[in-house]
Amino acid sequence: MIEKKSIFKSIFEKPWEQSQALKDNNHDGKALSITGSKLGVRYIMVVSTVIFSLLIVSYSDRMLVHDWKIMPEPWLLWVNTVILVLNSYFFHKTKIAADNINYTKIKKGLFIVGFLAYSFLIGQLIVWYLLISNDYYAASNPANAYFYLFTTVHGLHLLGGLIFWARITSKLLKGSYNSENLRHNIELCAIYWHFLLCVWFVLFGLMLFT
Amino acid sequence: MHDDNEYKIEAKSDNVSDVGTFESVTTSDVDYLPPKEIPDQDLYHSHSWWTTYVFSQDAKYIGIQYAFTAIGTGLLGLILSWLMRMQIAFPGLGLLEPAAYYQFVTMHGMIMVVYLLTALFLGGFGNLLIPLMCGSRDMAFPYVNMLSYWMFLIAVIVLLASFFVPGGPTGAGWTLYPPQAITAGTAGSNAGITLMLISLVLFVAGFTMGGLNYIVTTLQYRTQGMTLMRLPLTVWGIFTATVLAMFAFPALLVGCIMMTLDNVLGTSFFMPTIISMGEKLGTEGGSPILFQHLFWFFGHPEVYIVALPAFGIVSDLISIHSRKTIFGYRMMVWAIVGIGALSFFVWAHHMYVSGMSPWFGYFFATTTLIIAVPTAIKVYNWILTLWKGNIQLTLPMLFALAFVVTFVNGGLTGIFLGNVTVDVPLSDTYFVVAHFHMVMGIAPILVIFGAIYHWFPLITGRMLDEGMGRIHFWVTFIGSYLIYFPMHYQGFVGVPRRYFEIYDSPYMSVSGLSLNAFITVAALIVGATQLLFLYNLIFSARAGKKAEKNPWKANSLEWLTPEMPPGHGNFGKELPKVYRWAYDFGVPGAKEDYIPQTTPPSAVVGSKVEKS
């Protein structure tokens, strides 16, 4: 695609001038040289980043108060982290398979990805169960409350991603896809998964070190 | 999220190139455009009544659904304001219980700011105008767009449901400050506030889906030749407001989620140690100020989320109805973008009396005054657009002019309140009420009316009745000054807001008392006039005067569709090609005083554009 001027540069154009008009007539009507879906995924990632940043800001404000009691991180969280890393890795492999249009590998890859994502979510629920059975309630300390809040919001994001994963997988199984769309959608999903992995690193690191 | 419908738009009409009064000219060198490289947008085609009108994926219908829902909710807000005003002016009637008064204040505020103004400007006008003005067949993701509306509708239903739960809706004020919002003694501190918070979370979720469409469509789905700087300012306003919403609404979401947990699970995100009715509650250590920061980090940009689309629309109305190029188009775009950026650095001016450090307050006072600069540039540009223009005092123009006056009015009192030293004594008085109703209530509503009178023919193919419209305009315009001017005076003499009866308090002078009754009578009359407007909408949609095509002789693409109202897919067989910006009014040498955006250069050979 054509190289695009940045939006911030384009607001200095003078659209009423003859010389500018001749250039503008050839404009294809796109501000960025990416697809609409990719821009959409970026939009979602920006909104999510804002949400998580605000949560982290409020976390750092709240942890300074005297009643904050550091909560232990169960070992299972490390297992879940490994699962999430593997999840991203396999999504990357699936993306490569999609680039090479290898349908068996894509199918296999998507199944592994889905399985790992659900394992992660179930793992998180088990962590909750362990914590609750050891009397770490959300109401008993703000540190606990933030833990449940972070894991819930992160988990909901993953569930949202799984909706699109399910759409891609079902289309693939039914055979009703167009290979370029399929490749592009897998790429976008993979980006989103890597993004959620980064978010998890930040959240987990934050809880680990404070 | 990729659309993969197999079929493309069918041919609807073949007279696309026939634009207004300009003869189509055979292609010459000046008009040459390279063939299009990008395939046409895939489009969803509905096959039944349900998917056409109810679960519609067509942005035009979604826009109208948004508008109806928002106006319906707004009517409730209007009725609530009547009841409040009756209570304030005639407390002797015993019309409202104290709790009901606070509940009505809260719901009135929340409905008007979020569920009426935000939804109508972005959901309503955004959906209707963005695809049409950008020259695209529909929004980028029509299915997500449909979900956005239904999410909004559910949010409204949840909000209204709170009237029917035990304890009624929340009475915490539209700012919902904890701890009082969720502590016993405040009306609706259990079910009411929970439903309100859930409703807001749903609204934000639905709105994020809508915003996805507005941003992606504006940036990536414009027609050939439509650069960003050729877009009408309406689109710029709505687009920038959506970008603001993308950063501001998450703050509301986070605040709402955390407060819901405080209320339902008993966590202490915002709840400090409290002794309520002699008993110590289980919470400790939470910071109510944190909620205020989150709320206003959303709340101030929210003011501009409403104002920027209004700025954009009013720029177009003034330009079209004074038959003159908008003065300083680039400066207008920069001002919109600048106001948008600055709006994130002023939030704490809503919190001068929250006990913050005075130095912090002075920082926010400074940023608040800086934001007046781009805003003033816009006002000057509107006035300079009018200067020596061929001003048509049509209904949209009247409303646009009224907006400029009202906005300046409310803006000036904003400069008072932006200063810490002036704000502290005026805080929580009727001066504040007068200020924000002028700048954020009346001003945007006037734009909405102007916009409805302007685009009604586009939606229905008929004009709104002129006579009823003029009555509506003059009563609304003069009436709102009768309501809010006296409130400034009341604020200066120290009448506090939020008091449900103050008739025998020493704050209240005799003049203040009779002013209260006067304001209420004015409010009742202005409110009733809105019913005339609604009647006009219904009456004119059925039996109004048939509108000719492009009745206001505007340049932008929404009027250049092959049929009016525009059909499915908006532009018939082929998308329009754009050769100029939307403001070629009164070009020297041109036959008519306007040149639509699709008119190729060869059709206006003699015309000259002045060098800047």
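**Figure 1. The interface between chain A and chain B.** In this predicted model, 46 residues of chain A are in contact with 52 residues of chain B; two residues are in contact if their C-beta atoms, placed from the backbone, lie within 7 Å. Helix 1 (7–10), helix 2 (18–25), helix 3 (36–62), helix 6 (142–174) and helix 7 (179–209) of chain A each supply at least two residues of the side that touches chain B. Helices (H or I, at least four residues) are DSSP runs, numbered from the N terminus. Helix 3 of chain A gives the most to this side, with 14 residues. Divided by class, the side of chain A that touches chain B holds 22 nonpolar, 15 polar and nine charged residues. Here Ala, Val, Leu, Ile, Met, Phe, Trp, Tyr, Cys and Pro count as nonpolar, Asp, Glu, Lys and Arg as charged, and the others, Gly among them, as polar. Residues are numbered from 1 along each chain as its sequence is written, and chains are lettered from A and ligands numbered from 1 in the order in which they are written. Since the model is predicted, local features need pLDDT of at least 70 and side-chain atom pairs count only at pLDDT 80 or more, while totals for chains, interfaces and linings use all residues.

**Figure 2. Helix 4 and helix 5 of chain A.** The axes of helix 4 (residues 76–99) and helix 5 (residues 103–133) of chain A come within 9 Å and cross at roughly 165°. Axes are lines fitted to C-alpha atoms, for helices over the stretch in contact, and angles run from 0 to 180 degrees between N-to-C directions. The two helices of chain A are therefore roughly antiparallel to each other, a term for angles over 145 degrees. Helix 4 of chain A passes helix 5 of chain A in a left-handed crossing, in which the near helix is turned anticlockwise from the far one by less than a right angle. The residues of this contact divide into 20 nonpolar, seven polar and two charged. Val79(A) lies in helix 4 of chain A. Val79(A) is partly exposed, with 15 other C-beta atoms within 10 Å. A residue is buried if 20 or more other C-beta atoms lie within 10 Å of its own, exposed if 12 or fewer, and partly exposed in between, with C-beta atoms placed from the backbone.

**Figure 3. Helix 7 and helix 8 of chain B.** Helix 7 and helix 8 of chain B pack at an angle of about 175°, with their axes 10 Å apart. That makes helix 7 of chain B roughly antiparallel to helix 8 of chain B. Tyr304(B), Leu308(B), Phe311(B), Gly312(B) and Ser315(B) in helix 7 meet Met332(B), Ile336(B), Ile339(B) and Gly340(B) in helix 8. The contact comprises six nonpolar, three polar and no charged residues.

**Figure 4. Helix 9 of chain B and its surroundings.** At 1.5 Å a residue, the 29 residues of helix 9 (residues 358–386) of chain B should span 42 Å, and the end C-alpha atoms are 42 Å apart, which agrees. The expected span is 1.5 Å times one less than the number of residues. The buried residues of helix 9 of chain B include Gly361(B), Phe364(B), Ala365(B), Thr368(B) and Ile371(B). The buried residues of this helix pack against helix 7 (288–321), helix 8 (329–342), helix 10 (395–418) and helix 11 (420–426) of chain B. Helix 9 of chain B is followed by Lys388(B), whose phi is positive, near 60°.

**Figure 5. Thr406(B) in helix 10 of chain B.** Thr406(B) lies in helix 10 of chain B and is buried, with 24 other C-beta atoms within 10 Å. Not counting residues up to four places away in sequence, Thr406(B) touches Met438(B), Ile442(B), Ala443(B) and Leu446(B). Thr406(B) and Ile442(B) are 36 residues apart in sequence and 7.3 Å apart in space, C-alpha to C-alpha.

**Figure 6. Backbone details of chain B.** Most residues other than glycine have a negative phi, and most peptide bonds are trans. A cis peptide bond joins Pro178(B) and Pro179(B), with omega about 0°; Pro179(B) is in the loop between helix 4 (142–161) and helix 5 (191–220) of chain B. Another cis peptide bond joins Met564(B) and Pro565(B). Arg498(B) has a positive phi, near 70°, and is exposed, with 10 other C-beta atoms within 10 Å. Asn550(B) has a positive phi of about 50°, and counts as buried with 21 C-beta neighbours inside 10 Å.

How values were computed. Angles under 35 degrees count as roughly parallel, over 145 as roughly antiparallel, 65 to 115 as roughly perpendicular and the rest as oblique.
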